[in-house]
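Try each task before reading its solution.

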Amino acid sequence: GLLAIPWIAIFLPFLALGSLALVRRYSIMGLITTPWVILIAFLIGYLAISFIVGDTTRWRIPDMPALATVAAFGYVSTRSSTRRFILISWPAAVLLGSFLYYSVTA
């Protein structure tokens, strides 16, 4: 459970940005001709298997290097001001959402 906290608080938005940056840079068809296709195929397979077995909420240690690679690509492909904004606003939004959820349900 504790391993999920840094992923949700820091890496998750950069994973989305990395995926978008890859598609913007190479296009979807262009990704097939790059080495990124191996990593993307692994992540799509990971996503499909998670939905098939009904276990989409867990973060697995073997999957983290692939996820971290795409997140790192998202990190380096954004401007420093955008990075700083994400690193401040995303964890704040997650904390605020968690606080509101638990204050309503408690």
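The protein has 5 helices and 0 strands, where helices (H or I, at least four residues) and strands (E, at least two) are DSSP runs numbered from the N terminus. This is a predicted model, in which local features need pLDDT of at least 70, side-chain atom pairs count only at pLDDT 80 or more, and totals for chains, interfaces and linings use all residues. Residues are numbered from 1 along each chain as its sequence is written, and side-chain values use heavy atoms, with hydrogens and water left out.

**Exercise 1.** Work out whether Ile28 is buried or exposed.

*Solution.* Start with the location: Ile28 is found in helix 2. Next, take its relative accessible area, which is 59%. Buried means under 20%, exposed over 50%, and partly exposed in between (1.4 Å probe, protein chains only). Ile28 is therefore exposed.

**Exercise 2.** Describe the setting of Thr78, and decide whether it is buried or exposed.

*Solution.* First, find Thr78 in the loop between helix 4 (64–76) and helix 5 (80–105). Second, apply the cut-off: Thr78 counts as buried because its relative accessibility is 13%. Third, look at the side chain, which reaches the backbone oxygen of Tyr75 at 3.0 Å. Finally, list the contacts (heavy atoms within 4.5 Å): neighbours within four places in sequence aside, Thr78 touches Phe14, Leu17 and Arg83.

**Exercise 3.** What share of the 106 residues counts as buried?

*Solution.* Applying the burial cut-off to the protein gives 28%.

Note on methods
Polar contact = N/O pair within 3.5 Å; in protein donor to acceptor, adjacent residues only side chain to side chain.
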